[in-house]
Amino acid sequence: MTTLSIPDMTCGHCRASVEQALGAVPGVGHVSVDLPGRTATIEGAAPVATLIAALEAVGFPAEVAG
């Protein structure tokens, strides 16, 4: 399980874009988005770099939450 911080995710449309982008990555089993916390938790075997690249491709810079 990986949790990413997505500071630019601020609305429902943003949330949908993030869910769609992450859900399209091969190896992703489930995506859970916390809009108020501006994070996404991803279950599956996709590499973190691939998840971050998928979000950046749709305009959402991200980093591993910590």
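Reader: Which side chains meet in a salt bridge?

Author: A salt bridge is a side-chain nitrogen of Lys or Arg within 4 Å of a carboxyl oxygen of Asp or Glu. Here glutamate 19 pairs with arginine 15, at 3.3 Å from N to O. A search of the whole structure finds one such bridge. Bear in mind that this is a predicted model: local features need pLDDT of at least 70, side-chain atom pairs count only at pLDDT 80 or more, and totals for chains, interfaces and linings use all residues. Residues are numbered from 1 along each chain as its sequence is written, and side-chain values use heavy atoms, with hydrogens and water left out.

Reader: Where do glutamate 19 and arginine 15 lie?

Author: Helices (H or I, at least four residues) and strands (E, at least two) are DSSP runs, numbered from the N terminus. Both residues sit in helix α1, residues 12-23. They are four residues apart, about one turn of the helix.

Reader: How many disulfides does the count give?

Author: A disulfide is a pair of cysteine sulfur atoms within 2.5 Å. By this rule the count is zero. For cysteine 11, the nearest cysteine sulfur is that of cysteine 14, 3.3 Å away. Cysteine 11 is partly exposed, with a relative accessible area of 31%. Cysteine 14 is buried, at 10%.

Reader: Which residues is threonine 2 in contact with?

Author: Contact means heavy atoms within 4.5 Å. Neighbours within four places in sequence are left aside; threonine 2 then touches Ala40, Thr41, Ile42, Val48 and Leu51. Threonine 2 lies in strand β1, residues 2-5. Its relative accessibility is 16%, so it counts as buried.

Reader: What about contacts across the whole chain?

Author: Take the contacts with a separation of 6 or more: residues 24 or more positions apart account for 59% of them. Of the 66 residues, 35% count as buried.

Reader: In what order do the elements run from the N terminus on?

Author: The order is β-α-β-β-α-β. The radius of gyration is taken over C-alpha atoms; the globule rule is 2.2 Å times the number of residues to the power 0.38. The chain has a radius of 10 Å, close to the 11 Å that the rule gives for 66 residues, so it is as compact as a globular protein of that length.

How values were computed. Buried means under 20% relative accessible area, exposed over 50%, partly exposed in between (1.4 Å probe, protein chains only).
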